[in-house]
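Visitor: I have just opened this entry and would welcome a short tour. Could you take me through it step by step?

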Amino acid sequence: MRPLFKVSSVLLLPLIMSGCVAASETFEPDLGFSVVSADAGRRLGKETVWVQDQAQAAAANERVRNLLAAKYIGADTAVQVALLSNKTLQADYAEVGLSVAELWQEGLPVNPRLSLSYSGIGVGRTIEGVIAANIIRMMTRERRLDVAEVRVLQAQLRAVDATLALAARTREAWIEAVAAWETVAYLNRAKVAADAAAELASELGRTGAMPKVEQAREQAFYAELTGRTAEARLAAQLAKEKLYRVMGVWGKNLDFEVPNALPALPGKLKDFKAIEAEALRNRVDLQVARLELEALARSYGLTKATRYVSDLELAAGLEVEEEVEEREDGTEETNNVVSGVIEVGLEIPIFDSGQARLRKAEFQYLKAANQLAAKAVDIRSQARAAYKAYRGRSDIARHYRSRVVPLRTTVEKEALLTYNGMITSTFDLLADTRAKLDAILLSLNAKREFHLADAALTAAVYGGGEDASEAAGGAEMASASGDE
């Protein structure tokens, strides 16, 4: 008897059980973005687009060109352009697709492992083929899908938080740029008046009506003002470059201008009766941290499920053995012997009983729970601080506008009258003029700080500020594959 051929094939039952699921699964990478778009749109009142092909890119670019067609753009327009053009935001949106891909992959059956062997002695030869499937992964499929679903929700909320953060940064950059150009505009007006005064002093000096020291004072004031104007113009140019960068525009889209003055202080301030509760209810990063805790809880359940048996494989099928016998008359007779083959392999928990992995999952859960509690405390404080800054900046800006600048203007007017009456010296007049200039610049800066505080308050309540985004990821949680 000569064994010629032996084949072992996998029992196809595990693949058949999950084959229907695999056939029905389809991967749509933009499936989760509708949630992001709706949530961000509700909070911002703006349109968000995830660009994934050339047609969408062309439509977004056309929309941007139409928005920037106006000569001057406001803060809302700048935010909308940023949401359409900023490539970093598009990279953040891709995380949603990656999480959906992970979920899709977890829903697929595990790829079987194929092993082949060949041996031969003399005229006899044996070829064996074995296909094995991991049964534990199939048994824990539902729990792994639960964890992957939470990860999708986390990715969606992180994308919303990234959208809010970009909107906040864009609004702040617009405020900085407009405030810088407002300072330049005022200094230009002051420089024109100082230029006329310096020219008049020079003419009076030629006639001998003004001493050289008085001429020098006028000209020095004009020279200092020229330097301050140049510095302010440079600061305004750099602020506008930052706005370009945050908005994600370049080339022909840089032709727009920003207004030369910030909006006036509002007549009525925002009023939050329960600022802490409002922030806890709306902050996106806190919702991400809550999902982190939920995902860890589900992952913890997965760890317990695979604690003692972490690797179980099933290899089963049919074994066909062909036998050839020689008859007495010299002819050959072939017989096929069919037998069933079942092989089970598992990891024996002799040294690693799974206790360490179980404790690791418990500590990760405990860490995430404390981080969530700490974040809630931080958010309460951030909301209170932002509201105090908003109200305080408003009071300061109104004080400069209503008290300091009018008083300094009155002092300068009276000094000019006494100067014309030969009572006040040039030195005193220039000192009063400098004081008025500094008061107006302080008033402009106070208005700028108020508008920045207003933007920061919105970010503190709804998310997207610097403090909100730095820990949006929360604690690291154990992956499903790592727990197995």
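Guide: The conversation below goes from the overall make-up to selected residues and packing.

Visitor: Before that, what kind of model is it, and which atoms and residues count?

Guide: This is a predicted model, in which local features need pLDDT of at least 70 and side-chain atom pairs count only at pLDDT 80 or more, while totals for chains, interfaces and linings use all residues. Residues are numbered from 1 along each chain as its sequence is written, and side-chain values use heavy atoms, with hydrogens and water left out.

Visitor: How many helices and strands does the protein have?

Guide: The protein has 14 helices and five strands. Helices (H or I, at least four residues) and strands (E, at least two) are DSSP runs, numbered from the N terminus.

Visitor: And what share of the residues is buried?

Guide: Of the 484 residues in the protein, 40% are buried. Buried means under 20% relative accessible area, exposed means over 50%, and partly exposed lies in between, using a 1.4 Å probe and protein chains only.

Visitor: What about contacts across the sequence?

Guide: Among contacts with a separation of 6 or more, 82% are between residues 24 or more positions apart. Contact means heavy atoms within 4.5 Å.

Visitor: Let us turn to helix packing. How do helix 3 and helix 4 pack?

Guide: Two packed helices are described by the angle between their axes and the distance between the axes. Helix 3 (residues 54-67) and helix 4 (residues 75-85) pack at an angle of about 160°, with their axes 9 Å apart. Axes are lines fitted to C-alpha atoms, for helices over the stretch in contact, and angles run from 0 to 180 degrees between N-to-C directions.

Visitor: What does one call that arrangement?

Guide: Helix 3 and helix 4 are therefore roughly antiparallel to each other. Angles under 35 degrees count as roughly parallel, over 145 as roughly antiparallel, 65 to 115 as roughly perpendicular and the rest as oblique.

Visitor: Which residues meet there?

Guide: From helix 3, Ala60, Arg63, Val64 and Leu67 meet Thr77, Gln80, Val81, Leu84 and Ser85 of helix 4.

Visitor: New topic: aromatic rings. How many aromatic pairs are there?

Guide: Rings of Phe, Tyr and Trp (its six-membered ring) pair if their centres lie within 6.5 Å; planes under 30 degrees apart count as stacked, over 60 as edge-to-face and the rest as tilted. By this rule there are six aromatic pairs. One of them joins tyrosine 244 and phenylalanine 256, an edge-to-face pair at 5.5 Å centre to centre with 90° between the planes.

Visitor: Where do those two sit in the chain?

Guide: Tyrosine 244 is in helix 8 (residues 212-247), and phenylalanine 256 is in the loop between helix 8 and helix 9 (275-282), twelve residues apart.

Visitor: Are they buried or exposed?

Guide: Tyrosine 244 counts as buried because its relative accessibility is 10%. Phenylalanine 256 also counts as buried, at 1% relative accessibility.

Visitor: What lies over the face of phenylalanine 256?

Guide: Lysine 240 lies over that face, at 5.6 Å from the ring centre of phenylalanine 256. A charge sits over a ring if NZ of Lys or CZ of Arg is within 6 Å of the ring centre and within 35 degrees of the ring normal.

Visitor: And which residues form an aromatic cluster?

Guide: Phe272, Tyr387, Tyr390 and Phe450 form one aromatic cluster.

Visitor: Finally, what does leucine 89 touch?

Guide: Leucine 89 lies in helix 5 and counts as buried, at 1% relative accessibility. Leaving aside residues up to four places away in sequence, leucine 89 touches Leu83, Ala162, Thr163 and Leu166.
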